[in-house]
Amino acid sequence: MNADVNKDGCIACGLCSQICPEVFDKDENEIAYVKHNPVSPEAEESASEARESCPVSVIDLS
């Protein structure tokens, strides 16, 4: 599984990096980005939870 964040739509809430810090982090402007691809099998569940929790639905998992 690979993760992607649409940075143009990110509102910098930080939920994804709180829920799944193994995969997501924030840049100097608090915008989310993916730290590691592919997502490890151990982090897939929390990455999915981060995607579902994103209030602006900018996380894609494929």
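## The loop between α2 and β4

In this predicted model, S57 is located in the loop that joins α2 to β4, the strand formed by residues 59-61. The backbone of S57 has a phi near 50 degrees, which is a positive value in a residue other than glycine. Most residues other than glycine have a negative phi, and most peptide bonds are trans. The relative accessible area of S57 is 61%, and because exposed means over 50%, S57 counts as exposed.

## Other backbone features in loops

A positive phi also occurs at A12, where the angle is near 60 degrees, again in a residue other than glycine. A12 belongs to the loop between β1 (3-5) and α1 (15-19). With a relative accessibility of 26%, A12 is classed as partly exposed, because this class covers values between 20% and 50%.

A cis peptide bond links N37 to P38, with omega near -5 degrees. P38 lies in the loop that runs between β3 (32-34) and α2 (44-53).

## Overall architecture

The protein contains two helices and four strands. Read from the N terminus, these elements follow the order β-α-β-β-α-β. The radius of gyration is 10 Å, close to the 11 Å that the globule rule gives for 62 residues, so the protein is as compact as a globular protein of that length.

The C-alpha trace spans about 30 × 20 × 15 Å along its principal axes. Among contacts between residues at least 6 apart in sequence, 55% connect residues at least 24 apart.

## Surface and burial

Of the 62 residues of the protein, 34% count as buried. The accessible surface amounts to about 3800 Å², and carbon and sulfur atoms account for 42% of this area.

Rolling a probe the size of a water molecule over the atoms shows where empty space is left. In this protein, the count comes to one cavity of 30 Å³ or more. The volume of the largest cavity is about 100 Å³. Its lining comprises 16 residues, of which C10, C13, C16, A32 and C54 are the closest to the cavity centre.

By class, the lining of the largest cavity consists of 13 nonpolar residues, one polar residue and two charged residues.

Note on methods
Residues numbered from 1 in each chain as written. Predicted model: local features only at pLDDT ≥ 70, side-chain atom pairs only at ≥ 80, totals over all residues. Heavy atoms only, no water. 1 Å grid on protein atoms, 1.4 Å probe; cavity = no way out; pocket = protein on both sides within 12 Å on 5 of 7 lines; lining within 4 Å. Points joined across faces, edges and corners; volume = space filled by probe spheres on them. Nonpolar A, V, L, I, M, F, W, Y, C, P; charged D, E, K, R; others polar. Rg over C-alpha atoms; globule rule 2.2 N^0.38 Å. Buried < 20%, exposed > 50% of the residue type's maximum accessible area, 1.4 Å probe, protein only. Contact = heavy atoms within 4.5 Å. Areas by Shrake-Rupley, 256 points an atom, 1.4 Å probe, with all protein chains shown as cover.
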